[in-house]
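This report looks at side-chain packing in one protein model. Please read it with the sequence and the structure open.

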Amino acid sequence: MASALARSHEVTLFTRGLSDAGAFPNVVHVRGDRTDAQSVAQLRERAFDAVVDTSGYVPAEVRLVRETLSQRPHYVFVSSVSVYVDYTKPADETSPVAAPTLDAMLATERYAGLKVACEQEVRAGGEDRACVVRPGRILGPHDSDPRAPWLLRRVAEGGRVLAAGAPGAPVQFIDARDVGDFLVTCAEERACGTFNAVAPPFAASELYAVIRDVTGSNAEFAWVSDEVLLAHAVKPYSEGPFWLPRAYANASRVDASRAVARGLRVRPPRETLRDEWAWMQSGWDSAAGVRAQRKLDILAGLSREREEKLLALS
């Protein structure tokens, strides 16, 4: 939204108005629920050059929006790199994806298949007007996912901090502002096809060092191995917010060269983490309503008791 407004586009925001009804007061707001045909029908007689769909999780809901828009605008759909299922090498846009899941209720274990089915719905409206963007983990100001904020707060507290996995393991994410800029570029240029949207991977040791720096912490990191974490049923990517076992390391080495060639530009991870931490000081509490509307509940971080037990084994 901010990227589109910065480029002087006229924007219509279709939203339930539940998480932050006062956001973007200077754009056209259409209140409705994409699960309800009568709500979506409000869009039928409106003309749009492009649609940017950031909240499609169930294929029937994507189909409803696509078929209701009578002008058949260019459709930019936000999917996820989580659709990839082969971890023997870094994924690109031609890599195998999950089998599509048709119109099941959204749940973590069905997320990848539902996203694949949503992509198929977008392409069913015409390959010449379909653009699928697959971001990686999205961070930055206004982050409603609790995992990165948990790690930022934990490191900021200082002391001996559990660092999950190996120091050289890859970490990969992208700033929400960079995703937004790329989505608008795709809409402006009527880009077609599929694009991974991620920043280059970097070492986990650098992630922890940058977080310590931007939070002004005195934390000392104790690296706990994959073997110990797995033996104690630590949940990857949740209790260890950026940790994936070695067998899944390529999930954090996704190739985004196609998107870069199309105009994706990414900022350094330090800038993203610095700005997220700065936003958390004043914005986290006021964004509680946004977090309450998240579609999936995700476990974030370790309890202090559990961390201490694991640290005793390192």
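## Basis

The model is predicted: local features need pLDDT of at least 70, side-chain atom pairs count only at pLDDT 80 or more, and totals for chains, interfaces and linings use all residues. Residues are numbered from 1 along each chain as its sequence is written, and side-chain values use heavy atoms, with hydrogens and water left out.

## Nonpolar cores

A nonpolar core is a set of buried Ala, Val, Leu, Ile, Met, Phe, Trp, Tyr and Cys residues joined through side-chain atoms within 4.5 Å. Buried means under 20% relative accessible area, exposed over 50%, and partly exposed in between (1.4 Å probe, protein chains only). The largest core has 36 residues, and L151, F173, L207 and F242 have the most contacts inside it. Among the elements that each supply at least two residues are α5 (147-157), β7 (160-164) and α10 (269-283); α7 gives the most, with six. Helices (H or I, at least four residues) and strands (E, at least two) are DSSP runs, numbered from the N terminus.

A second, separate core of 25 residues includes I174, C186, A191 and V254.

## Aromatic pairs and charges over rings

Rings of Phe, Tyr and Trp (its six-membered ring) pair if their centres lie within 6.5 Å; planes under 30 degrees apart count as stacked, over 60 as edge-to-face and the rest as tilted. The whole structure holds eight such pairs. Y208 and F221 form an edge-to-face pair, with centres 5.2 Å apart and planes at 70°. This pair ties helix α7 to strand β12, parts that are 13 residues apart in sequence. Both Y208 and F221 are buried. Y208 also pairs edge-to-face with W223, again at 5.2 Å and 70°; W223 is partly exposed, at 26%. Elsewhere, ring pairs link F173, F202 and F242 into a cluster.

A charge sits over a ring if NZ of Lys or CZ of Arg is within 6 Å of the ring centre and within 35 degrees of the ring normal. R153 lies over the face of W284 at 5.0 Å from the ring centre, and R258 over that of F195 at 4.4 Å.

D226 is in helix α8 (residues 226-231) and is buried, at 7% relative accessibility. The D226 side chain reaches the backbone nitrogen of R246 at 2.8 Å.

S252 lies in the loop between α8 and α9 (257-262). S252 is buried too, with a relative accessible area of 2%.

Notes:
Polar contact = N/O pair within 3.5 Å; in protein donor to acceptor, adjacent residues only side chain to side chain.
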